[in-house]
Structure formats: structure tokens, C-alpha cells
Amino acid sequence: MTTGAPVPTIGVVVLTMNDRPTEFPQAMASVLAQEGVDLDVVVVGNGCEPELVPPGVRTVALPENVGIPEGRNVGAANVKGDLLLFFDNDAILPEPDVIAHLAARLRQDPGLAYVQPRIADPDTGVTVRRWVPRLRADATRPGVVTVMAEGIVLMRREAFERVGEWPGRFFLFHEGIDLAWRCWDHGYTGFYMPGVVVHHPATNPARHSVFYRMNARNRVWVARRNLPRVLIPVNLATWALVTLWRFRDKDARRDSVAGFLEGLRTDCGPRSPMGWRTVIRLTRAGRPPIF
């Protein structure tokens with residue numbers, strides 16, 4: 001960072017359900033070891049009173065599990081800082097300057113709403129496809145991106161509040177697409193920094209019993225909330241065809257269809273369709289919003 005520049009102030013939001021007694025303390029230790037930044041850290045207990053919390057870290061206990069995006073919204077409302085770091089409780093910052101490097105990139109470009117590090121499995125070093133926020137999955141190529149990997153992302157608070165925070169009703173999956181598209185529609189961009197590496201175990205999201213249903217439902221909600229009406233059927237048809245081809249398991253297909261129909265029938269929250277200028281910007285950035 002530039003000599004003499006003010007130290008970035010970062011509000012760090014970590015969620016817990018007290019189900020990671022080994023990973024959570026390691027994650028917190030790596031956050032508190034960060035240098036060159038002024039941190040305000042809060043741990044949100046999603047349906048629990050947080051345990052194993054280091055001294056000096058504040059907590060918020062929610063009486064029920066409100067889901068990941070709404071839990072993050074609660075955390076953001078309870079921390080100070082010009083920037084917000086949303087951090088999974090089984091991730092590790094392997095170097096003490098990770099947050100400082102991400103914050104420096106945001107400082108350099110006021111048009112950025114968020115920056116994304118490269119996420120890699122700590123044992124294999126592999127960055128799995130879903131962690132690369134672009135269509136062509138080159139995990140080593142930096143540049144502008146139109147979506148985000150939700151679990152580890154640094155955001156400008158001004159942008160986060162201006163575009164309307166995380167979509168709380170999503171509960172789990174695809175909240176990052178929704179938030180990123182709204183950032184773009186407000187004139188911001190996102191940036192991927194593969195030179196900054198964060199460790200996260202490469203667990204399979206399908207381990208969650210609700211994965212296929214919520215995965216499909218929330219993709220429908222993303223389209224209904226954010227796209228011009230003429231693009232909604234194009235987006236959903238493309239996604240449905242890809243999903244049915246990708247999921248060969250009968251149960252996975254059944255749950256995906258059920259979630260797809262649920263997404264069409266249920267309340268997706270406030271609709272704020274992006275302008276056609278945003279559609280063009282996203283297309284020029286390499287990801288037209290039709291899939």
C-alpha cells in the first residue's frame with residue numbers, strides 16, 4: 001500500500017453454527033493475525049450462541065438459523081469499517097497481508113464494488129470450478145468479473161448498502177450472482193485477484209440435503225429479480241437444459257425440477273430489473289446474463 005495512506009478499516013463478518021470446532025478457531029486466528037488493516041470482527045451465531053470465539057471479538061446470537069445471506073446482512077449491520085469482508089468459518093488466510101492486498105486494489109479503483117481472491121484447497125492447491133468467478137475457468141487469470149464466490153469476498157460498504165445488501169430470503173446458494181448483478185447495474189464492477197490466495201476445503205455443496213432444490217429455486221429467483229422480462233425465459237431455458245444434462249442422477253433431476261417450479265411459484269422478493277446498458281456491459285465483460 002502507499003506509504004502514509006490511512007489504514008483501511010475492515011468490518012469482518014463470520015457466521016457459525018458451532019459445528020466446526022477445529023476449523024473455526026483456525027479461521028479466526030488467521031483473520032486476527034492480519035497486518036496493515038484496522039479490523040472490527042463480529043461472529044454471528046445462526047440459531048446459536050457462538051462458541052470458541054477469541055477474546056476481543058464481538059458476537060451476535062440469532063434465535064433461529066436465518067440462512068447465510070441474511071446472517072451476513074446481520075453481521076454487516078453490526079461491524080464498523082469502510083470495507084466489508086465476508087469470510088467462511090472454515091477458510092484460512094495463509095499470509096498476514098491477504099486482506100491488505102485486497103483492500104489496496106479497492107483503494108486503487110473507486111469503480112470496484114468487490115474484489116475476489118483465488119480460493120484453493122489447502123491440501124491439493126486446486127481451485128475448483130465453482131470458485132472461479134468467470135465462464136472460462138482459468139483460475140490464474142486476473143481481471144474484471146461479473147459474479148462472485150460468496151464465501152470469501154471483500155466489498156466496499158458504500159456499494160453493499162447502495163445496492164441493497166445480500167438477498168436474505170435465498171437462505172443458501174446463488175446469492176452472489178444476485179448481489180454482483182445489482183452492483184453492476186449500479187455502475188460498479190468486480191475484480192478477481194488470483195495472486196492473492198485464500199485456503200478453503202473443496203467440499204461438495206451437494207452434501208447439503210437441500211442443495212438441488214435450493215440451487216434450482218434460487219437460480220429462478222435470480223432471473224426473476226434481476227433480468228428484463230424478455231430475458232427471463234431465455235436465461236431459465238438455458239440453465240434448465242445445462243442442468244438436466246449435467247445432473248444424471250434421477251433424484252438430483254427430480255429435486256432440481258421441484259426447485260425450478262418452486263422458484264416460479266413463490267415470492268422471489270423485490271424485483272429490480274437491470275437496464276439494457278447493464279446487459280451490454282455484462283456481455284462485453286464476457287458473461288451475458290442469459291445463463
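Which residues make a nonpolar surface patch of about 290 Å²? The patch is made by Leu244, Val257, Leu261 and Leu264, where patches are built from residues with over 30% relative accessible area and no salt bridge, nonpolar side chains (Val, Leu, Ile, Met, Phe, Trp, Tyr) being joined within 5 Å and like charges within 9 Å. A salt bridge here is a side-chain nitrogen of Lys or Arg within 4 Å of a carboxyl oxygen of Asp or Glu, and accessible areas come from the Shrake-Rupley method with a 1.4 Å probe, only the protein chains shown counting as cover for residues.

This is a predicted model, in which local features need pLDDT of at least 70 and side-chain atom pairs count only at pLDDT 80 or more, while totals for chains, interfaces and linings use all residues. Residues are numbered from 1 along each chain as its sequence is written, and side-chain values use heavy atoms, with hydrogens and water left out.

Helix H8 (residues 250-265) supplies the largest share of the nonpolar patch, 3 residues; helices (H or I, at least four residues) and strands (E, at least two) are DSSP runs numbered from the N terminus. Leucine 261 has its place in helix H8.

The table sets out the accessibility of some residues; buried means under 20% relative accessible area, exposed over 50%, and partly exposed in between (1.4 Å probe, protein chains only).

| Residue | Relative accessible area | Class |
|---|---|---|
| Cysteine 183 | 0% | buried |
| Cysteine 268 | 5% | buried |
| Threonine 278 | 5% | buried |
| Leucine 261 | 32% | partly exposed |

Leaving aside neighbours within four places in sequence, leucine 179 is in contact (heavy atoms within 4.5 Å) with Met148, Met155, Phe160, Val163, Glu165 and Trp166.

Threonine 278 lies in helix H9 (residues 276-284) and, not counting residues up to four places away in sequence, touches Trp184 and Asp185.

The structure holds 0 disulfides, a disulfide being a pair of cysteine sulfur atoms within 2.5 Å. For cysteine 183, which is in no disulfide, the nearest cysteine sulfur is that of cysteine 268, 18 Å away.
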